[in-house]
Amino acid sequence: MQNKSIKWIALLMLAPLALAGAARATQVNYQNYLLGERAAGMGGGVNALAADSDACYYNPAGLVRTTHNTLSLSANLYGMQHYFIDDAFYPDEDLDSTSFQTIPSTVSAIRRVNTNLTTAFSVFVPQQGAFSETHSFPENNHYYSMSDNYQALYVGPSLGYRLAPAWSLGASLFAVYHSRDSLQNLFWGDQALSFTRDYHTRSYSLLAMLALQYRIDDRW
């Protein structure tokens, strides 16, 4: 019975981690929701074309293609993901849950200093999500609760400089903040067994990007 209990506790720990891996967005083309409306519309294939606030994140050399001073903002919408796993916790105790993800949000101000130099300052939230579920199986006196919340925040300046009509140079420097809060609880009253795991992580880093772009003409 002890080995069986250990087995199902291990499965309980792995199940929410698997969900978190599916729900958590990663950078650029591998995000469930891409940053910026143009990138979203083109499936992430925007590096060579970015010329507005998207350029700060994907390719700052494209900033020189901006024709006006701009202020860009995007509002949050939500995506819903549904998960179902047979016998996730114990025989006949299935996991059936729904999680929400925030479609990335941005705030970016771009200023054309002169014909050859463009600067910008941006705030990006490329990933954010929340998962919270409580499951009860009174017939076995088994109860479970799980939650997982995470966010990434990028803040920093960018610039683009025209070296020649076909050549441009760009750079971005972001202060990056990641946070994650996760809680898992298990109670098996029929076996006098309980388990709790609660952890919080915070990380701070700098991300520097340097880009060089060559265009044969405006179409290539």
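What pattern does the protein follow, read along the sequence? The pattern is α-α-α-β-β-β-β-β-β-β-β, made up of three helices and eight strands, where helices (H or I, at least four residues) and strands (E, at least two) are DSSP runs numbered from the N terminus. This is a predicted model, in which local features need pLDDT of at least 70 and side-chain atom pairs count only at pLDDT 80 or more, while totals for chains, interfaces and linings use all residues. Residues are numbered from 1 along each chain as its sequence is written, and side-chain values use heavy atoms, with hydrogens and water left out.

**Overall packing**

- The protein exposes about 11800 Å², of which carbon and sulfur atoms supply 59%; accessible areas come from the Shrake-Rupley method with a 1.4 Å probe, and for residues only the protein chains shown count as cover.
- Taking contact as heavy atoms within 4.5 Å, 65% of the contacts between residues at least 6 apart in sequence join residues at least 24 apart.

**Nonpolar cores**

- A nonpolar core is a set of buried Ala, Val, Leu, Ile, Met, Phe, Trp, Tyr and Cys residues joined through side-chain atoms within 4.5 Å, and in the largest one, which has 17 residues, Y57, Y58, L63, F124 and Y154 touch the most other members.
- The elements that contribute two or more residues to this core are α3 (53–58), β5 (117–137), β6 and β7, with α3 providing the largest share, four residues.
- A second, separate core has 11 residues, among them F89, F131, M146 and L186.

**Salt bridges**

- With a salt bridge defined as a side-chain nitrogen of Lys or Arg within 4 Å of a carboxyl oxygen of Asp or Glu, the count comes to two.
- In one of them, D148 pairs with R180, the closest N and O atoms being 2.5 Å apart; this pair links distant parts of the chain, since D148 lies in strand β6 (residues 142–162) and R180 in strand β7 (residues 167–188), 32 residues apart.

**The surroundings of H142**

- H142 is found in strand β6 and counts as buried, at 0% relative accessibility.
- The side chain of H142 makes a polar contact with the side chain of E93 at 2.8 Å, a polar contact being a pair of N or O atoms within 3.5 Å in which, within protein, one must be able to donate a hydrogen and the other to accept it, and residues adjacent in sequence count only if both atoms are side-chain atoms.
- Not counting residues up to four places away in sequence, H142 touches Y90, E93, H135, S136, F137, F187, W188 and D190.

Definitions and conventions:
Buried means under 20% relative accessible area, exposed over 50%, partly exposed in between (1.4 Å probe, protein chains only).
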